[in-house]
Amino acid sequence: MIPMNSIEIKNLSFSYTAGNDVLKGIDLTLNGAATAIVGQNGAGKSTFVKLLKGLIVPTEGEIVLNGKNTKDYTVASLAKEIGLVFQNPNDQVFKNTVISEVMFGPLNIGMDEQDAREKSMEALRKVKLDEYVDTNPYDLSLSERKMIAIASILAMDPNIVIFDEPTMGQDHEGKETLKEIIYELRNQGKLVLCILHDMDFAAEVFERTIVFNQGRVQIEGPTRDIFKQKDILHQAYLEQPIVAQIAEVLGVAGSYVTEKEVVSAAGACHDPNFVE
Amino acid sequence: MGIISVENLKYKYPDTDKLVLNDLSFDVEQGEYIGLIGKNTAGKSTLCFALAGLVPHFFNGAYGGKVLINELEVRQHEIGEISSHVGLVFENPFSQMTGSKYTVYEEIAFGLENMGLDRETMIHRIDESLELLDITGIQDKNPFDLSGGQMQRVAIASVIAMKPDILILDEPTSQLDPQGTDEVFKVIENLRKEGITIIMAEHKIDKMAGYADKILFMHDGKLIDYSSPGEVFSRDDLEDYGMTAPAVTRISKSLGIQNKQNGLYPVTLKELSREIGDTYELHRN
C-alpha cells in the first residue's frame with residue numbers, strides 16, 4: 001500500500017510585520033486529493049505554501065507534516081519531504097547548465113552522483129527538455145525555465161510537491177505536459193498542491209479546491225462543489241471556469257468541470273432532432 | 001498603407017541557423033487591436049522585438065525585409081526614435097524595471113525623463129497611469145519588493161505613461177489573477193478607444209477572442225493566418241500547430257452551433273448566446 005501523505009494545519013497565522021496578519025487562523029487537513037489553491041493576488045497563497053515548506057515560521061499555530069511538527073524538522077529533512085516550485089523560476093534557477101541545475105537539489109539531499117543524474121534525466125524527460133542538458137537555463141525561454149524549475153523539484157522525489165502558478169506563460173502543449181506530471185505524481189501517492197490563477201486548469205485537473213481570500217480560507221471542498229458557487233467566488237474576486245460559464249449560457253443546469261460534460265449535457269437538449 | 005507595415009520580414013538571432021521570423025508580411029491599420037497567438041517558440045516575442053526595433057538594433061543577427069512604423073523604416077532609424085512611436089511591455093516585468101530607481105513612482109517617471117517632458121506633464125501622466133493600473137497604493141515601494149502581479153502592472157503603467165501611438169504587449173497578464181487580468185484587458189480596450197494601436201501576444205485566448213479585431217496566428221516563424229477571431233478559431237487545423245480554440249468555440253463545434261450566414265463558430269460567450277437565441281427563434285417560428 002502506498003503511504004498516504006498528509007499535512008495538518010492548526011490555527012495557523014502569520015504576519016511579516018506585527019499587527020498586519022497575512023494569514024489568520026487557518027485550519028486545514030490536506031491529504032490524498034490533488035488540491036488547487038486559488039485566490040486573488042495578495043490573498044496569502046504564496047505565504048501559505050512558504051510556511052508549509054518551512055521557509056518562514058508561523059507566528060501562531062502549527063503545521064504537522066506526516067505526523068511531525070514542521071518545527072521539529074531540520075531544514076534538510078524537510079527538503080526531502082516537501083518540494084516547492086517557485087512562481088518565478090529566476091528566483092530558483094542559478095546554475096549555468098540545465099543538468100547541473102536539476103542535479104543540485106538531489107545532490108544536496110544526499111543522493112549519490114549516479115542516482116542524482118538518473119533522477120534528473122527522468123525529470124527532464126517528463127518536462128520534455130532532456131535535449132537541453134548542457135544549455136544555460138538563461139538561454140531558454142521563461143516558460144522553459146519554469147519547466148526546469150519543476151524538473152529540479154521532481155528530481156528530488158519529495159513526498160509532497162507544491163507548485164506556485166505552474167501554468168504561467170505555458171502554452172497549450174505546456175499545460176498538457178503539466179497535467180501528465182500532476183496525474184503521475186498523484187498516482188504515485190504524492191500529495192500535490194498547486195497555486196493557480198487559471199480556474200479552467202484548476203477545475204479540470206484537481207479533485208479539491210481551497211479558496212483563499214484576505215488571509216483566510218473562504219471556502220474549500222470538492223472542486224466541483226466549489227466552482228458552482230458563483231457568488232462566493234465573486235466575493236473572493238474570482239470567476240467560474242469558462243466551462244461553467246458556457247453551461248450557463250447553454251441553459252444546462254448542474255455543475256461542470258470539463259468540456260466533455262458540458263457537451264454531453266447540452267447535446268441532449270440542443271440536438272435539432274431532439275423532441276421533448 | 002497602415003500604421004505598421006511589414007514586408008517579407010526575415011530574421012535569425014546571432015550564432016543560430018534557424019529563421020525565427022520567416023518571410024512575414026502584414027499591415028496593421030491605426031486603432032486596430034491585433035491578438036498575436038501561436039505556441040511558445042512560434043516567434044511571437046521576436047516579432048514584438050522587431051516591431052519595437054530591438055530586432056535588429058539590440059539583438060543584431062541576420063535581417064531581411066522591411067518593417068515600417070508610421071512610415072519610418074525600423075532598420076534605418078535608431079531605437080530612440082522608434083520608441084517615441086512604439087511602446088513595448090516585456091513578457092517578464094523583471095526585465096523591464098530599470099534597476100536604477102528606488103520607487104515605483106520614479107520607475108514610471110524614467111521613460112518620461114528620457115523623452116524630455118516638463119515636470120508638470122510628467123506628474124500628470126504618472127498619476128494617470130498609476131490610477132489606470134490601480135497601483136497608486138504602491139507608488140513609494142521599491143519595484144523589486146513587489147509581487148509578480150504588481151510588477152507587471154508597473155511595467156504596463158511605465159509604458160502607457162509615454163503615450164505611444166502603438167502599444168505592444170508580450171503576455172502582459174501572465175502573472176495576474178483573474179480580476180487583474182480583466183482590469184488589464186479593460187485598460188487596453190480603453191486605450192484602443194483613444195485610437196492607440198494595440199498588438200498583444202497572449203495565451204489567454206478565451207479572453208483575447210472578445211477584444212481583438214484580428215488575430216495574427218504564427219507558427220515556426222511563419223504567418224499562418226491573419227483574419228478575424230471567428231475565422232482563425234474556426235479552423236480545423238489548430239491542433240496541428242499546437243494550438244487550441246477558445247472553450248466556447250470547441251464546445252460550439254461539438255454541438256454544431258454556428259453562424260448560419262458565414263458558418264463560423266462563436267468565439268465568445270456573447271456570440272454563443274446570440275447564436276442560441278437565433279436557433280430558438282427559428283424553432284419557435
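Visitor: Which helices do the buried residues of H5(B) pack against?

Guide: This is a predicted model, in which local features need pLDDT of at least 70 and side-chain atom pairs count only at pLDDT 80 or more, while totals for chains, interfaces and linings use all residues. Residues are numbered from 1 along each chain as its sequence is written, and chains are lettered from A and ligands numbered from 1 in the order in which they are written. Helices (H or I, at least four residues) and strands (E, at least two) are DSSP runs, numbered from the N terminus. A residue is buried if 20 or more other C-beta atoms lie within 10 Å of its own, exposed if 12 or fewer, and partly exposed in between, with C-beta atoms placed from the backbone. Here, the buried residues of H5(B) pack against helix H6 (119-132) and H7 of chain B.

Visitor: Which residues of helix H5 of chain B are buried?

Guide: In H5, which spans residues 104-115 of chain B, the buried residues are Val104(B), Tyr105(B), Glu107(B), Ile108(B), Ala109(B), Gly111(B) and Leu112(B). Just after H5(B) comes Gly116(B), which takes a positive phi of about 75°.

Visitor: What is the strand order of the open sheet in chain A?

Guide: Two strands pair if DSSP finds at least two bridges between them. The open sheet has six strands with mixed pairing, in the order E6-E7-E8-E3-E9-E10 (chain A). Strand E6 (82-85) and strand E10 (216-222) of chain A stand at the edges, each with a single partner strand, so one side of each is left without a neighbour in the sheet. Angles run from 0 to 180 degrees between N-to-C directions of axes, which are lines fitted to C-alpha atoms, for helices over the stretch in contact; with direction ignored, neighbouring strands of this sheet are turned by 15° against each other on average.

Visitor: How many bridges join E6(A) to strand E7 of chain A, and how many join E9(A) and E10(A)?

Guide: E6(A) and strand E7 (residues 160-164) of chain A run parallel and are joined by four bridges, with Gly83(A) standing opposite Val161(A) in E7(A). E9(A) and E10(A) pair in the antiparallel sense over six bridges, and the bridge partner of Phe212(A) in E10(A) is Val217(A). These two strands, E9(A) and E10(A), form a hairpin with two residues between them, and Gln214(A) in the turn has a positive phi of about 45°. On the parallel side of the account, strand E3 (residues 35-38) of chain A pairs with E9(A) over four bridges, and Thr35(A) stands opposite Arg208(A) in E9(A). Strand E9 (residues 208-213) of chain A is mostly covered, since five of its six residues are buried.

Visitor: How many residues of chain B are in contact with chain A?

Guide: Two residues are in contact if their C-beta atoms, placed from the backbone, lie within 7 Å. By that criterion, 31 residues of chain B are in contact with 32 residues of chain A. The elements giving two or more residues to the side of chain B that touches chain A are helix H7 (148-160), helix H8 (178-193), helix H11 (247-255) and helix H12 (269-284) of chain B, and H11(B) gives the most, with six residues.

Visitor: How is chain B divided into domains?

Guide: Domain bounds come from an automatic or database domain assignment, which divides chain B into domain 1 (4-235) and domain 2 (246-285). Their C-alpha centres lie 33 Å apart, and nine residues of domain 1 of chain B are in contact with seven residues of domain 2 of chain B. On the domain 1 side of this contact, helix H9 (205-208) and helix H10 (229-233) of chain B are the elements that give two or more residues, with the largest share, four residues, coming from H10(B).
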